[in-house]
Amino acid sequence: MTFIPRFLDNSHFGQSLGKIVCVGRNYAEHAKELNNPVPTEPILFIKPATAAVRLEDTIIAPAIRGEVHYETELALLIGEPLSNATPEQAEGAVVGLGLALDLTLRDVQAKLKGKGHPWEIAKGFDGACPLSSFVKVRDVPNWDSLSFSLSINEELRQIGKASDMLFSVPQLLVEMSRHFTLEPGDVILTGTPAGVGILPRGATLHFSLDGAFEFTTQVAS
Ligand code: ZN
């Protein structure tokens, strides 16, 4: 099913969702918790558009493929094509800010990583990218210093601050656009802060993006 990004005021973005370009280990504390070294350049991967579902709807995690981990991430909606972009072009191309879960089949990923194989199938399955509505960038002054959080069953689990990113939003987009053309309707996931863990079945998730929005979602039992 085609996924059309939408804004908080319920208006739709003019195009359907393209690819979802993601970065691994963009927060030092998260690299540490998974015993990974801090990278010197961004580690990029792509989720297909078919991975997207609405974060506001009940989340359905795959049942039979081992542990499913949540990773809460700041999501950027791209409104202008970017190829070999400058930092200024990159920043100007972001039209929306939202939150996403980068759902990860951690056991599947660990097995593939151990063999030195690509771990796409641990991150790109249907439903692997619950994506919120977007707040328009022009409504959020100083969006490069935003913070966001996830609570599970009223317990605070993740706090992310854009200022703690190892690679800033413009740096990420410049780097991504050297490898892949970013197009209107593409979404960027900017990496997860520390606090990842198993997505508990039947849990209540509460998401907050600074003063911009907050909402509650259920995980199917
Ligand atoms: Zn992630």
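E73 and D102 are both buried in this predicted model. Each of them is also a ligand of the zinc ion, which is coordinated by E71 (OE), E73 (OE) and D102 (OD) at 2.0 to 2.1 Å. Along the sequence these donor residues follow the spacing E-x1-E-x28-D. The pair E73 and D102 links distant parts of the chain, being 29 residues apart. E73 lies in strand β5 (residues 72-78), while D102 sits in the loop between β6 (94-101) and β7 (104-105).

The cysteines come next. A disulfide is a covalent bond between the sulfur atoms of two cysteines. Here the count is 0 disulfides. C22 is in no disulfide, and the nearest cysteine sulfur, that of C129, is 6.2 Å away. The cut-off for a disulfide is a pair of sulfur atoms within 2.5 Å, so the C129 sulfur, at 6.2 Å from that of C22, is too far for a bond. Both residues are shielded by the same criterion of under 20% relative accessible area: C22 is buried at 0%, and C129 also counts as buried, at 0% relative accessibility.

The largest nonpolar core has 68 residues. Within this core, the residues with the most contacts are L97, L131, L173 and L205. Leaving aside neighbours within four places in sequence, L131 is in contact with F3, L17, V53, R54, L55, E56, A75, L99, A100, V187 and L189.

Methods: Residues numbered from 1 in each chain as written. Predicted model: local features only at pLDDT ≥ 70, side-chain atom pairs only at ≥ 80, totals over all residues. Heavy atoms only, no water. Donors = N, O, S within 2.8 Å, 3.2 Å for Na, K, Ca; no water. Helix = DSSP H or I, 4+ residues; strand = E, 2+ residues; numbered from the N terminus. Buried < 20%, exposed > 50% of the residue type's maximum accessible area, 1.4 Å probe, protein only. Core = buried A, V, L, I, M, F, W, Y, C linked by side-chain atoms within 4.5 Å. Contact = heavy atoms within 4.5 Å.
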